[in-house]
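Dear colleague,

Please find below the structure that I am handing over to you. My notes on what was found in it follow directly after.

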Amino acid sequence: MKTIIEPFRIKSVEPIKLNTRSDRGDILNNAYNNLFLVNAKDVIIDLLTDSGTGAMSSQQWAGVMLGDESYAGSNSFIFFEKTVKDLMGFKNIIPTHQGRAAERILFSTIAKKGDYIPSNNHFDTTRANVLEIGAKPVDLVCSESYDFNSSFSFKGNMDIEKLKKFIVDKDPSNIPLIMLTITNNTGGGQPVSMENIKAVSLVAKEYNIPFYLDACRFAENAYFIKLNEAGYSDKSIKDIVKETFSYADGCTVSAKKDAIANIGGFLCTNDDNLAKKKKDLLILTEGFPTYGGLSGRDLEAVAYGLKEVVDEDYLQYRIESTKYLGEKLNKLNIPIINPPGGHAIYIDAQKFLPHIPVEEFPGQALACELYIEGGIRTSEIGSLMFGGKDEDGKPFYANHELVRLAIPRRTYTQSHIDYVIEVMESIKDKSHKIKGLKIIYQSRTLRHFTAKLERV
Ligand code: F0G
């Protein structure tokens with residue numbers, strides 16, 4: 001059959017309150033044009049993030065009821081640990097309350113002030129955690145990533161030549177680890193090929209530098225490898241996942257993405273000594289190593305989610321439904337990052353709103369318009385998120401001004417997505433009237449979460 005259906009039935013529903021355009025104007029004003037400050041009840045379609053917003057399966061909910069809440073050595077931890085080991089193959093599995101806690105523990109134990117940490121692209125929390133310890137996050141993504149119209153299938157790849165040059169220039173002793181984000185969220189949810197993962201690992205070995213994956217969306221990455229990389233079409237997703245992790249010394253994972261859980265994360269490593277240090281810090285800040293900031297029921301939900309996410313029917317539906325949105329926007333000549341990524345579609349707001357200069361945050365202006373026009377909540381991935389002021393007070397801006405339409409897993413149906421497309425079409429017709437924004441309040445780090453903005 002040509003039609004790819006959602007491979008699930010809906011057993012429990014959550015009503016959406018339909019508000020009016022004028023309600024939404026007031027709501028956005030009260031939220032200072034920051035969609036993180038809008039209440040969920042006032043949102044019609046929530047595409048702010050795919051993180052923790054997926055629908056759990058009946059099996060996951062059953063696991064929640066079975067959660068063993070023992071402080072030490074709970075059955076739920078043993079089940080979680082075995083599931084992660086079977087899937088990813090690492091020796092030490094350390095649960096954390098979410099991905100950023102895993103990042104903080106990793107960087108605090110492995111890196112120090114003045115170090116460099118290269119990646120394809122660091123995500124915002126990874127970048128902020130690296131900066132917080134005084135190290136420097138460095139993005140070395142391949143050049144195809146910057147060409148939104150290139151049809152290259154693996155735009156998340158690291159530029160291997162740049163990586164080698166960077167290591168030699170800075171001296172390997174100043175590089176405590178190399179990271180690689182799969183899929184590359186900051187760069188459009190684009191996958192990294194197995195060939196590239198292998199190549200990064202060889203470079204890391206050559207210079208004796210540990211290699212870690214930021215593996216939040218590892219299953220979506222594996223599906224792209226199966227679809228588009230020579231030699232993988234006949235391999236199972238589980239085998240591709242196993243091979244992916246076999247090249248790394250460890251990983252950080254937010255279980256809110258491809259573990260389809262509402263909360264959770266974990267840190268894996270093959271280095272036993274480092275694992276000890278990480279667990280000491282975990283006990284201080286997250287909890288005992290057999291729960292690490294999570295309840296037993298959370299660990300059950302994560303474990304079952306990890307089993308479900310490698311199902312090929314699920315992944316086909318997941319990747320095809322994101323592509324559906326991307327292709328419809330392409331037909332409307334709305335500029336997006338092509339090819340469509342795994343978990344989200346990224347609109348090029350700078351191109352869509354050429355009359356708004358980067359200093360006036362075209363991405364945020366478009367995100368606000370999507371809310372006013374259709375009650376759709378999205379996130380800016382541009383200069384509000386990645387810009388700021390340098391040590392001399394000079395403003396700097398992001399490489400791109402994007403709006404991310406992140407699709408929660410198993411949550412919305414095709415008609416919800418058709419509604420999003422209709423809203424974008426209607427915005428397109430009057431896009432020249434959209435006005436820019438200026439910041440009237442911002443915090444020291446991760447300013448986009450709490451910034452207040454005003455129309456220019
Ligand atoms: N790494 C990547 C690539 C991510 O996308 C995220 C979260 C994290 C790390 C941190 O994980 O939220 O569990 O602490 N991304 C979410 C998003 C927030 O909307 O893309 P966390």
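Is Tyr 441 buried, partly exposed or exposed? Tyr 441 is partly exposed, because its relative accessible area is 39% (buried means under 20%, exposed over 50%, and partly exposed in between, with a 1.4 Å probe and protein chains only).

Please note that this is a predicted model, in which local features need pLDDT of at least 70 and side-chain atom pairs count only at pLDDT 80 or more, whereas totals for chains, interfaces and linings use all residues. Residues are numbered from 1 along each chain as its sequence is written, and side-chain values use heavy atoms, with hydrogens and water left out.

Tyr 441 belongs to strand E15, residues 437-441 (strands are DSSP runs of E with at least two residues, helices runs of H or I with at least four, both numbered from the N terminus). Together with Tyr 32, Phe 36, Leu 37 and Ile 440, Tyr 441 makes a nonpolar surface patch of about 430 Å². Such a patch takes residues with over 30% relative accessible area and no salt bridge, nonpolar side chains (Val, Leu, Ile, Met, Phe, Trp, Tyr) being joined within 5 Å and like charges within 9 Å; accessible areas come from the Shrake-Rupley method with a 1.4 Å probe.

In contrast, Ile 225 in helix H8 (218-228) counts as buried, at 0% relative accessibility. The C-alpha atoms of Ile 225 and Tyr 441 are 43 Å apart, and the two residues are separated by 216 residues in sequence.

Turning to open space, the largest pocket holds about 1,400 Å³. A pocket is an open set of points on a 1 Å grid over the protein atoms alone, with protein on both sides within 12 Å along at least five of seven lines; a cavity is a set where a 1.4 Å probe fits but cannot get out, and lining residues have an atom within 4 Å of a point. Ser 12, Glu 14, Ala 55, Arg 410 and Thr 411 are the closest to the centre of the largest pocket, out of 38 lining residues. Strand E1 (45-46) and helix H2 (58-66) each give two or more residues to this lining.

The second largest pocket has a volume of about 1,100 Å³. Its 39 lining residues include Arg 127, Leu 131, Phe 386, Gly 387 and Phe 396, which lie closest to the centre. Helix H5 contributes the most to that lining, with five residues.

One cavity of 30 Å³ or more was found in the whole structure.

As to charged pairs, the whole structure has 21 salt bridges (a side-chain nitrogen of Lys or Arg within 4 Å of a carboxyl oxygen of Asp or Glu). Asp 272 and Lys 91 form one of them, at 3.1 Å from N to O. Asp 272 lies in helix H10 (272-285) and Lys 91 in the loop between helix H3 (75-88) and strand E2 (92-96), so this pair ties together parts 181 residues apart in sequence. Another salt bridge joins Glu 161 to Lys 164, with the closest N and O atoms 3.7 Å apart. These two residues are separated by about one helical turn, because they are three residues apart in helix H6 (160-170). Finally, a network of salt bridges links Asp 50, Arg 217, Glu 220, Asp 258, Arg 318 and Arg 409.

With kind regards

Key:
Points joined across faces, edges and corners; volume = space filled by probe spheres on them.
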